[in-house]
Structure formats: C-alpha cells, structure tokens
Amino acid sequence: MHCPFCQGTDTRVIDSRVSDDGATIRRRRECEACGERFSTLETIELKLPAIIKSDGRRDTFDARKLRQGFDRALHKRPVSEEQIEAAVRAVVHQLRMTAERELPSRRVGEFVMAELRKLDHVAFVRFASVYRSFEDVADFRDELDRLERELPGEGQLPLLAADVVPIGKHAGKGKKC
C-alpha cells in the first residue's frame, strides 16, 4: 500500500475494524517513511454480471445506480436507511447468485420490484409505473388491484381506502361533476 502523502511503499496497519454489515474492513495505517496516518477500506471483489440494456448495449453493473433507483422510488416514504441498504444488498446478492456473465436489465428491475414490494407499496407502484411504462390511469389501477390481491400489506397503509370516491363522481349521489 503506497502512502498517499509521500508515496512510500512501507506502511503498517495500526487498527482494523469490521463494518456493521460485515462487508468491509476499515484499516488505519501509518507510513513508516513520513509518519502520516490514513485509512483504507477493504471489500470483497466479486465479478457481477454485465447488464444488457433494452437497446442491446452492455454496461457494467453500478451499485450507485441501483441505490439511486431505490432512493427515487422511496423518496419521502417511511423507510429507514438500514432497510434501503438491506434491499440494495439483497439485489446485489441475487445478481451474484445468478452465476450469469450477462443479465438483461429487465431482470434487475424485477429484483428491485420484488424488494420494493416488501418495503413499501407506494414506492413499488412508483417504480413499476416507470419500469413498466404505464400508459394511463387504467394501468395504475390494474397494478394496484394486483398488488392488493397478492399482498396483505402488513404494517403498510392501504393503497386505496374503501371510502374513496372515484374522480368525476359527486359524493354520494353518483352524478358526474
């Protein structure tokens, strides 16, 4: 390990700590030549599959893009950072477990939707609306109906309340507004 200050090649580890999730090790080092201290992070390097985009391009997997997708879908939703990180790790784990060299981006999207479905139904519908290119309100309604049939939604607010008056109807009279 080269010293970032003097480029010396002789450094020693002073302290090592494993991160809370066990995925990284933080090492505190000291340069033997100049005495400066610095930290390094050690992570496991596993080859993840290349992502095949819908237009046929191949791209390397980028965990930052994955996290940004989760952040956009979960914007202003009651989901903790720990839950989001766990969902990102779950998707990365699924990618590793496929043992494929290349994977269509649609498959990654399916992994993300499965995790969002567990975390927050509103975030799931947000992501699905973009991912599946909903064309109109009927597409949203179909997805909401499917979601409500498939999942009981323990711990989450209902997507649609039973007493919601349809748009364009006058409350209680059944007349168009």
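How are H1 and H2 oriented to each other: parallel, antiparallel, perpendicular or oblique? H1 and H2 are oblique to each other (the class left after under 35 degrees for roughly parallel, over 145 for roughly antiparallel and 65 to 115 for roughly perpendicular). The model is predicted: local features need pLDDT of at least 70, side-chain atom pairs count only at pLDDT 80 or more, and totals for chains, interfaces and linings use all residues. Residues are numbered from 1 along each chain as its sequence is written, and side-chain values use heavy atoms, without hydrogens and water.

**View A. Crossing of helices H1 and H2**. The axes of H1 (residues 63-73) and H2 (residues 81-98) come within 10 Å. They cross at roughly 135 degrees (angles run from 0 to 180 degrees between N-to-C directions of lines fitted to C-alpha atoms, for helices over the stretch in contact). Helices are DSSP runs of H or I with at least four residues; strands are runs of E with at least two.

**View B. Contact of H1 with H2**. H1 contributes Leu-66, Arg-67, Phe-70 and Asp-71. Residues of H2 in the contact (heavy atoms within 4.5 Å) include Ile-84, Val-88 and Val-91. The contact residues divide into 7 nonpolar, no polar and 4 charged (Ala, Val, Leu, Ile, Met, Phe, Trp, Tyr, Cys and Pro are nonpolar; Asp, Glu, Lys and Arg are charged; the others, Gly among them, are polar).

**View C. Open sheet S1-S2-S3**. The sheet has 3 strands with antiparallel pairing (pairing takes at least two DSSP bridges). S1 (11-18) and S3 (37-43) each have a single partner strand, so one side of each lacks a neighbour in the sheet. Neighbouring strands are turned by 25 degrees against each other on average, direction ignored.

**View D. Pairing of S1 with S2**. 7 bridges join S1 to S2 (residues 24-31). Ser-16 stands opposite Arg-27 in S2.
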